[in-house]
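Here are my notes on this model for someone meeting it for the first time. Please read them with the structure open.

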Amino acid sequence: MSENESGPAPRALTEDELVRILGEQQFGTLATVKKSGHPHLATVLYRWDPAERVVRISTLEDRIKARHLRRDPRVALHVNGGNVWSFAVVEGDAEVSAEASELVAFAGGFEDPAEERAHLERMAAERRVVIRFTADRLYGTALDIPGE
């Protein structure tokens with residue numbers, strides 16, 4: 001490559017590619033807004049529901065991200081794609097909920113009602129809440145490098 005060549009340009013990912021990345025991964029970086037207006041970043045385990053276009057994240061009641069979101073619901077989740085050159089971002093307005101339905105939805109549901117009750121009791125004892133937000137905006141890019 002000569003000095004004047006910069007290589008391939010990043011390309012915007014399609015909706016299907018973005019949904020695939022969100023479904024394949026389970027960890028991402030959540031951005032919330034501090035009182036100062038600066039971003040607060042936290043690595044999180046998340047669940048993506050493609051049918052509802054909803055992200056769910058389990059956290060503790062008193063964690064900083066839950067406190068930030070109660071004050072300012074704007075949120076973004078950055079998820080790495082299959083290589084260092086691709087990513088997906090989901091933006092939306094989050095709600096923080098201790099509702100049983102959200103706690104069960106994050107866990108994936110239960111066939112046995114006794115297991116569900118035990119799970120909910122455990123979550124209540126830990127003071128667990130679910131951060132939930134709908135994808136108002138979904139975007140990302142990939143850099144297609146020949147030979148990779």
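1. Start with E52. E52 is partly exposed, because its relative accessibility is 43%, which falls between the 20% limit for buried and the 50% limit for exposed. Keep in mind throughout that this is a predicted model.

2. What does E52 pair with? E52 forms a salt bridge with R132. Their closest N and O atoms are 3.3 Å apart. The two residues come from distant parts of the chain, 80 residues apart. R132 belongs to strand 7, while E52 sits in the loop between strand 3 and strand 4.

3. Two further salt bridges deserve a look. R70 pairs with E61, and the closest N and O atoms are 2.9 Å apart. R70 has a relative accessible area of 43%, so R70 is partly exposed. E61 is partly exposed as well, at 28%. R128 pairs with E126, with 3.2 Å between the closest N and O atoms. R128 is partly exposed at 25%. E126 is partly exposed too, with 37% relative accessibility.

4. Which residues do shared partners join into one network? They are E52, R56, E102 and R132, linked by salt bridges. The salt bridge count for the model comes to twelve. As background, side chains of opposite charge can pair when their charged atoms come close.

5. Check the backbone at R53. R53 is not a glycine, yet its phi is positive, about 55°. R53 lies in the loop between strand 3 and strand 4. With 25% relative accessibility, R53 counts as partly exposed.

6. R127 also needs a backbone check. Its phi is near 60°, a positive value in a residue other than glycine. R127 is found in the loop between helix 4 (113–126) and strand 7. The relative accessible area of R127 is 46%, so R127 is partly exposed.

7. How many residues make up the largest nonpolar core? The core has 23 residues. Those with the most contacts inside this core are L22, L30, Y46, V55, I57, L77 and F133. At least two core residues come from each of these elements: helix 1 (15–24), strand 3 (39–49), strand 4 (54–60), strand 5 (74–80), strand 6 (86–97), strand 7 (128–134) and strand 8 (137–142). Strand 3 gives the most, with four residues.

8. Follow F133 through its surroundings. Set aside its neighbours within four places in sequence. F133 is then in contact with L30, V54, V55, I57, V75, L77, V90, G92 and A94, among others.

9. Last, helix 2 (residues 64–71). Which of its residues are buried? They are K65, A66, H68 and L69. Why do they fall on the same side of helix 2? They cover an arc of only 160° around the axis, which puts them there together. What covers these buried residues includes strand 2 (27–33), strand 3, strand 4, strand 5, strand 6 and strand 7.

Key:
Residues numbered from 1 in each chain as written. Predicted model: local features only at pLDDT ≥ 70, side-chain atom pairs only at ≥ 80, totals over all residues. Heavy atoms only, no water. Core = buried A, V, L, I, M, F, W, Y, C linked by side-chain atoms within 4.5 Å. Buried < 20%, exposed > 50% of the residue type's maximum accessible area, 1.4 Å probe, protein only. Contact = heavy atoms within 4.5 Å. Arc of directions from axis to C-beta. Salt bridge = Lys/Arg side-chain N within 4 Å of Asp/Glu carboxyl O.
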